[in-house]
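Please open the model in your viewer and keep the selection panel at hand. The tour goes from one selection to the next and says what is found at each.

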Amino acid sequence: MESCNCIEPQWPPDDLLMKYQYISDFFIALAYFSIPLELIYFVKKSAVFPYRWVLVQFGAFIVLCGATHLINLWTFTVHSRTVASVMTTAKVLTAAVSCITALMLVHIIPDLLSVKTRELFLKNKAAELDREMGLIRTQEETGRHVRMLTHEIRSTLDRHTILKTTLVELDRTLALEECALWMPTRTGLELQLSYTLRQQNPVGYTVPIHHPVINQVFSSNRAVKISPNCPVARLRPAGKYMPGEVVAVRVPLLHLSNFHINDWPELSTKRYALMVLMLPSDSARQWHVHELELVEVVADQVAVALSHAAILEESMRARDLLMDQNVALDLARREAETAIRARNDFLAVMNHEMRTPMHAIIALSSLLQETELTPEQRLMVETVLKSSNLLATLINDVLDLSRLEDGSLQLDLGTFNLYAVFREVLNLIKPIASVKKLHVSLNLAPDLPEYAVGDEKRLMQTILNIVGNAVKFSKEGSISITAFVAKLDTLRDSKAPEFLPVLSDNHFYLRVQVKDSGSGINPPDIPKLFTKFAQNQSTGTRNSGGSGLGLAICKRFVNLMEGHIWIESEGLGKGCTAILIVKLGMPERVNESKLPYMPKMPTNHGQTAFPGLKVLVMDENGVSRMVTKGLLLHLGCDVTMVGSSDECLRLVSHEHKVVFMDICVPGIDSYGITIRIHEKFTKRHERPLLVALTGNTDKVTKENCMRAGMDGLILKPVSLDKMRSVLTDLLEHRVFFEAI
Amino acid sequence: MDFVNQLQRKFIDYSSSLHREGIVDDQFTQLRKLEDENSPHFVMEVASLFFEDCEKLINNMAIALEQKQGVDFKQIDECIHQLKGSSSSIGAMRVKNACIAFRSFSDAQNREGCLRCLQQLSHEYSLLKNKLQTLFLLEQQIVAAGGSIPRVH
């Protein structure tokens with residue numbers, strides 16, 4: 001329509017079409033304006049919309065289209081040029097924008113479509129994760145169940161409780177229909193139904209063990225699915241139900257367990273029980289992997305718990321056994337004690353009863369011997385006497401031995417003369433030895449103490465016995481007795497390995513060796529010698545005349561004296577040596593006037609007993625001074641010589657421990673010197689000991705010395721040993737006055 | 001070796017004879033015991049000292065007894081005392097006994113008796129000196145021959 005400047009009426013008188021166009025345009029414009037509004041509204045509402053620029057473009061496009069249509073409304077009537085230009089502008093703009101939008105959409109629409117596919121993908125992923133979550137949760141559940149089950153099972157040590165609990169807990173965890181435990185029987189050839197979940201008291205229902213299915217289950221340590229028709233699984237009355245899946249697993253039994261296996265040791269190889277689990281029928285449930293794993297774990301735990309229970313039962317049984325044995329032993333001991341007491345009483349009584357007539361016989365026979373007798377009678381009396389002596393000895397020996405064995409014998413300790421013991425033994429044995437023409441020699445070591453503390457009687461008895469044996473079993477030759485103090489190295493003899501001597505200060509070990517050149521003993525027979533009543537049969541025709549008790553008693557005496565006795569022999573005909581070691585005590589230092597002082601160590605020449613002891617010797621006589629000096633030097637002293645009292649007073653110092661003064665020389669006032677020395681040294685411990693040397697043996701001299709304040713007096717001549725012992729005594733007691 | 005053994009035997013015999021005759025006593029044996037590595041000639045030294053002492057004392061006594069004016073018995077007593085001490089220290093028994101006898105005369109102030117005793121004393125002393133010197137010679141011979149001096153009990 002061309003623009004004209006004519007004024008047109010408001011409503012054109014045209015037809016309907018124009019009217020409808022007018023209305024449509026209006027509505028289009030409206031719609032076009034509202035769409036972007038809606039878009040803006042909804043996009044504002046949603047948080048995410050990546051294409052804002054597109055929106056703006058679209059919005060612009062639509063707005064312009066709307067504007068175009070709106071402006072169109074004015075063009076239906078006569079309109080001015082302005083309207084026309086506006087219209088044109090709008091249209092041009094719209095065209096531009098729409099072209100641009102069209103171009104943009106080519107890029108944007110595929111993107112929008114792919115959003116949708118991504119959404120689908122994510123949804124799938126989420127579903128998968130959900131599933132996995134479910135699985136993990138179930139596994140964790142299972143684990144918790146296992147732990148709980150284990151805890152329940154292991155919280156008790158009673159076999160039945162363990163098994164019952166297992167079944168109950170398994171049921172709770174897995175919701176089983178039935179759970180059963182089949183145990184191998186005593187014979188091991190059948191499985192017996194021992195425990196079930198639902199049935200309270202299963203009847204002894206057995207199944208042979210060598211079923212292929214059972215073998216299959218036993219050969220693997222996994223839970224195995226078995227057919228519900230298997231004999232072990234047929235536990236419920238068959239119904240019209242579809243039976244649920246069944247799983248069986250082996251439970252290893254350790255052979256210590258108390259399932260009646262103890263009588264059959266050859267069946268100690270692996271034995272298994274069978275656990276059968278049944279899912280509820282008609283439930284369409286399947287055994288899941290995690291459930292199978294649970295079952296396997298439980299089976300192992302049950303095995304462990306059962307073995308613990310079995311061990312506990314064993315130990316309880318052992319303890320009961322021990323208690324019974326204890327009681328029995330106690331009873332036996334009491335009985336033994338009673339028996340011993342009874343025997344001792346018997347022996348004591350019999351001893352007295354036996355000895356009295358014995359003594360009578362011996363005494364009267366010896367009296368009879370003294371009277372007038374015919375030779376025949378004499379022979380008879382002698383035989384009677386000899387036999388009764390033997391009998392008396394036998395009685396004594398038996399009594400002694402029995403007391404020794406009880407440990408009721410005690411030694412009579414006392415101080416005795418050791419040398420005298422040996423002399424006595426020698427005297428007793430000499431007659432017999434000389435009759436047999438045997439030479440007996442006694443050799444006592446010089447360091448053997450003269451006196452000792454011990455049981456004199458029994459020591460003599462022992463030595464006499466050994467020497468007597470030596471004499472008895474020697475037809476010719478000689479017997480030598482040696483006695484000495486045993487030193488530590490000789491004590492640890494290889495022949496006596498169990499003898500462990502302990503050295504102490506006031507004891508010493510006496511070693512006595514008796515060597516004979518008699519018939520000797522076979523080395524293998526030696527151990528038997530000391531056993532009671534064992535005669536040495538191999539040495540044939542020998543009138544031993546002994547009961548065989550002698551050595552046994554000796555051994556026991558020696559043991560009481562904490563010693564050891566043994567015999568060495570190289571063989572028959574080579575003689576033998578009896579060696580005896582006993583522990584004796586050292587007597588206390590006896591009064592000087594009774595015994596000479598016995599040094600503990602053997603003396604040897606040149607021994608310096610007093611090294612460096614500073615001594616002052618005062619003697620006018622040159623020779624005697626020199627002799628005294630020689631003596632003291634020999635003993636290791638540091639000697640200073642003076643020849644006059646002035647010199648003495650000048651040289652004496654607190655370093656000198658002893659001052660020897662010769663007081664038999666007239667002209668020297670020894671007593672004066674003594675007093676002056678006392679004055680010089682006021683403190684007692686600084687003052688040297690003052691000893692007088694004199695040849696005068698009168699009491700007056702001694703009294704004078706004592707009065708003057710001297711510490712000692714020695715008579716000349718002084719021997720080396722005397723000087724040594726005097727010095728020792730002097731230094732120990734700080735006083736020594738020789739007995740005049 | 002045989003020669004040494006001979007010498008040693010001779011020594012032992014001689015030593016025993018000295019003891020037997022009473023010329024020396026146990027004290028002499030004690031002196032022998034004091035001989036060791038530190039003092040190998042102890043006895044010889046003591047003996048020589050004794051000889052010196054003895055001679056001196058005997059001389060003094062002789063002079064004292066010669067005095068015409070008056071015998072100084074006190075001095076003689078002192079000498080005897082000394083001699084007795086020395087001789088008992090060395091173990092010269094007979095000399096010591098002679099001294100004891102001398103003393104009794106000296107106490108009694110018997111000049112004649114003293115002279116007689118002095119003579120006796122001299123005699124004993126010479127005997128002792130000879131014997132001991134022989135003994136020491138034997139000792140030296142043994143040592144020179146390479147042997148050791150045997151101990152005499």
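The stops below begin with aromatic rings and then turn to chain B and one of its helices.

The model is a predicted one, in which local features need pLDDT of at least 70 and side-chain atom pairs count only at pLDDT 80 or more, while totals for chains, interfaces and linings use all residues. Residues are numbered from 1 along each chain as its sequence is written, chains are lettered from A and ligands numbered from 1 in the order in which they are written, and side-chain values use heavy atoms, with hydrogens and water left out.

**Aromatic pairs**

Over all chains there are 4 aromatic pairs, a pair being rings of Phe, Tyr or Trp (its six-membered ring) with centres within 6.5 Å, called stacked if the planes are under 30 degrees apart, edge-to-face if over 60 and tilted otherwise. Select A:F26 and A:F27, whose ring centres are 5.8 Å apart with the planes at 70°, so this pair is edge-to-face.

Next select A:F218 and A:Y272, a tilted pair with 5.2 Å from centre to centre and 45° between the planes. Because A:F218 belongs to helix α5 (residues 212-219) of chain A and A:Y272 to strand β6 (residues 271-278) of chain A, the pair ties together parts 54 residues apart in sequence; helices (H or I, at least four residues) and strands (E, at least two) are DSSP runs numbered from the N terminus. Both A:F218 and A:Y272 are buried, that is, under 20% relative accessible area, where over 50% is exposed and anything in between partly exposed (1.4 Å probe, protein chains only).

In chain B, select B:F50, B:F51 and B:Y125, which form one aromatic cluster.

**Chain B and its helix α4**

Now show chain B as a cartoon: its secondary structure comes to 6 helices and 0 strands, and buried residues make up 46% of its 153 residues.

Select residues 73-90 of chain B, which are helix α4, and look at its buried residues, among them B:F73, B:I76 and B:I90. What covers these buried residues includes α13 (622-634) of chain A, as well as α2 (26-33), α3 (42-66), α5 (93-107) and α6 (111-144) of chain B. Finally, step to B:G91, which follows α4(B) and has a positive phi, near 95°.

How values were computed. Contact = heavy atoms within 4.5 Å.
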